[in-house]
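This report describes a pair of helices and a group of strands.

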Amino acid sequence: MFRRHAVPPSCALGRPVSRIFFPGSTGTVDRARKETASMSATHPHTQVVRRDGATSPFDASKIAVALTKAFLAVEGPQASDSTRVHETVEELTHQVVTSLTRHPDLGRICHIEDIQDQVELALMRAGEHRVARAYVLYREEHARARIEREHATVSDEAESQAVPDVRVKGPDGELQPLDLGRLTHLVEESCAGLEAVSASSVLTEVHRNLYDGITLAELELALVMAARTFVETDPAYSHVSARLLLDKLRREALTFVSGTPDEANHEEMAARYPRYFRDYVRRAVRSELLDPELERFDLDRLGGAIRPERDLAFQFLGLQTLYDRYLIRGYPEAGATAEADGQSQGSRFELPQAFFMRVAMGLSLREDDPEARAIEFYELLSSFDFMCSTPTLFNAGTTRPQLSSCFLTTVADDLDGIFSGIRNNALLSKYAGGLGNDWTPVRGMGAHIKGTNGHSQGVVPFLKIANDTAVAVNQGGKRKGAACAYLETWHIDIEEFLDLRKNTGDDRRRTHDMNTANWIPDLFLQRVEADAEWTLFSPDEVPDLHGLYGPAFADAYEAYERSAERGGIKVHRRVRAVDLWRRMLTMLFETGHPWITFKDPCNVRSPQRHVGVVHSSNLCTEITLNTSAGAGDQAEVAVCNLGSVNLAHHVGEGGVDEEHLARTVRTAVRALDNVIDVNFYTIPEARRSNLRHRPVGLGLMGFQDALFRQRIPMSSERAVEFADTTMELISYHAIAASADLAAERGSYETYDGSLWSRGILPIDSLELLADARDGKLDVDRSTRLDWDALRERVVEAGMRNSNVMAIAPTATISNICGVGQSIEPLYRNLFVKSNMSGDFTAINPYLVHDLKELGLWDAVMVTDLKYFDGSVGPIDRIPAELKALYATAFEIDPTWLVEAAARRQKWLDQAQSLNLYVAAPSGRKLDALYRLAWRRGLKTTYYLRSQSATHVEKSTLRGTDGKLNAVSPTVSPTVAPVTQVYEVDEGAVCALDDLDCEACQ
């Protein structure tokens, strides 16, 4: 069965699909031949590889014939006399020929399937949608018929075919016959239990890329790519791809641990997992990769608790992400000769279930019964009910367990303080921490410098240095270093701060790699609404403004304004508040920064307002903790330890499984609290702060999936109510869990005097904010649980953690779990997702399921989704109910997102990473949207996302959908190269999965 092409398909751009012929007018076809006869003469040496491996000279006139017949089939015989059709055919033929022959190294050999892919692409680009649809559908019909014919003989061929002409080159360079039986079993095993997938189809696709002398890495690549080819036809193929990648990972891990070539299929591995796990831990400890304390666990007990079947739960993106960035790598010990093929950067020898158990062990080191707790935490992680943040997954159980996600600092107004802050950024970023820096205390441009009797250049030059530091310390290549600078709106440098992300101007005063955010007091927005003036100051002349909020801030600010009018303040400037607000929104739209965050709600509702001030949020705007600058014990760097509940796993068609959710939340809070004690702290200010206050941030992901499971559209009152009720449940059980931990382990050091100690829970703190705004807070206050009993419990037992909840972006961990990010709406129903692991076809499985139920899922539907940028709205045959349910992010009125966020915010003691999507932004829309967020009591907002002028390339996804790092860093010319053909361009605002957005989770 597995025979290689007579000539390698070196210009392949996609998966082969069947050729199509349309009936038409001979005269028209002849005319098309004449019009393009000269084209083939310009490429006399180009050869076309046919499906049977034979070759023939490239003839461009055949492309014109195919195009002409396509138009005739759709538009009828009258098209034969249409000048438009002839001109269109001539132009499209030229485009196809140019695409196929423009690259010297790809212009000599083309597979016939690739030519047809280019014809389809040209039709779509030209807007000939009806013709393209017919073309695709006919190709798929022929492909299906051909595959059925091939499937009928697969078994006979597999048994009878000798394979000495297909040999595999091992790591030692020796050629061994391809084990066709194992290959077939592997593919069939990977498809087992999955509906609507075909092992024969995958095998047929693998066949296309086999050749004699193929390396092991290339064979592994061919297997994974073969399954990825079909993801757009059914999302279940993502699981098939993951399982084929898992075979590669098993071989790599078993070979490394044993020191000799070794492999096992899933069925065999189920019995071998316990022994492998014991050997893995011992080898990793010996290699100084894991903490020696892990060997003190009962490894046989833990190995027996591992659930090998959960390896099969991964989708491809999730497993690929683990492979690239999370799984531990090792190098052969001295004297060892075995080394995995192509593993120049070390071999991954940590399998997924060992990975989850390692993290669970790392979180259980200080427990009284560490084995029992490790198993409990393992069950939580491996089931995808809950996932720790990325730093915890990276480092738990290792010799440097820096497990915290976010660090917040305040930069002091002197050179020692400024460069100490930059140094701290580097140390914190080294071990995967995301940074939020409060730069407000640094004096502004023109302020007097007493030591030199000169004038300050302001805060911007130091921000440039901080930007470059974040780039230089890139967290070991696992992900980019990332920081966000915060500045209060009254700072004299605020207007320059707004320009930091512009692509024009003096580059020495730009920070192209660092995020920025406005820290806005209520008084400023009150001035905006009153169309009043606003005064800018340098903080060295108004030092107490930095630490004030609410009415106290307003009183002091107005006193400084009066002083400035009398000449008592040297550096100040008055501006119209509305003009500054408009400029903020303009820069937000043009550059994506600075983000809009609100100082007063963060402080008025802070449980820790009795011991400090929240001066900024973090990199992703969900953390609101106190920070302070200074020397010695006076300085505090806030630290938060994050994890997220997978809401989709706790919801069915009947609603939320409250008992399951309660168990998950309580176990998760315990795990997060353990992070604080086992953590490796890179700077003493972070250690001191974390041990005093013990904040954690429990969030959620899979919100959109949970809505889909209940058939609730995102843009509906039911979705807003669901956001309210689910967040109430999480809040209730998270607070109760922290109170229970306080009864067991004691309250955090600064509990006395906190809002908690006064019986004021997050839901109660809404009234504090309303009072600070003279009653002007428009947000629902309804409840449904027994909060009175919980208040009494908190006052009686205390709280183990100063802060308990925060909703982070979950940019990466949601990929691992295979659900939608955080509280995000659906981006597209079909698109390519890009991150550091490559480019991945993402398709909405809920939509596919519903369309199959209606008999509407076919090749034409896939083509329509591509053509309409993943939107179902313009597709006539889809029912209105499904159009509402599967509306994409830019089809939803963003006020629904704000309303849902406001319902969540009332339950949160911290904040949430809230992205806002605006399809056609205007000043009026943005002004209304962000004022609504403020009026609803939101503490922060995150990225503003808008659609760019160009969205997607209307092309087939069949070939591959991006780079694949796991199998081979390069692709042999004899294997179909990887090509991304569906690309999202977000313009000036943040693209989904922007690498800079992953630092929290």
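Strand E14 and strand E15 (residues 515-520) run parallel and are joined by five bridges. Within this pairing, Cys484 has Asn515 in E15 as its bridge partner. The model discussed here is a predicted one. E14 also pairs with strand E11 (residues 434-438), again in the parallel sense, through four bridges.

| Partner strand | Sense | Bridges | Bridge partners |
|---|---|---|---|
| E15 (residues 515-520) | parallel | five bridges | Cys484 and Asn515 |

How do the side chains of a regular strand lie? In such a strand they alternate between the two faces of the sheet. In E14, Ala483, Ala485 and Leu487 point one way, whereas Cys484, Tyr486 and Glu488 point the other way. Residues on both sides are buried. Because six of the six residues of E14 (residues 483-488) are buried, this strand is largely enclosed by the rest of the structure.

The helices form a separate topic. The axes of helix H2 (residues 60-75) and helix H4 (residues 112-125) come within 11 Å and cross at roughly 50 degrees. H2 and H4 are therefore oblique to each other, and their crossing is right-handed. Which residues meet in this contact? Ile63, Leu67 and Phe71 in H2 meet Ile115, Val119 and Leu123 in H4. By class, the contact of H2 with H4 comprises six nonpolar residues, with no polar and no charged ones.

Technical notes: Residues are numbered from 1 along each chain as its sequence is written. This is a predicted model: local features need pLDDT of at least 70, side-chain atom pairs count only at pLDDT 80 or more; totals for chains, interfaces and linings use all residues. Side-chain values use heavy atoms; hydrogens and water are left out. Axes are lines fitted to C-alpha atoms, for helices over the stretch in contact, and angles run from 0 to 180 degrees between N-to-C directions. Helices (H or I, at least four residues) and strands (E, at least two) are DSSP runs, numbered from the N terminus. Angles under 35 degrees count as roughly parallel, over 145 as roughly antiparallel, 65 to 115 as roughly perpendicular and the rest as oblique. A crossing is left-handed if the near helix is turned anticlockwise from the far one by less than a right angle, and right-handed if clockwise. Contact means heavy atoms within 4.5 Å. Ala, Val, Leu, Ile, Met, Phe, Trp, Tyr, Cys and Pro count as nonpolar, Asp, Glu, Lys and Arg as charged, and the others, Gly among them, as polar. Buried means under 20% relative accessible area, exposed over 50%, partly exposed in between (1.4 Å probe, protein chains only). Two strands pair if DSSP finds at least two bridges between them.
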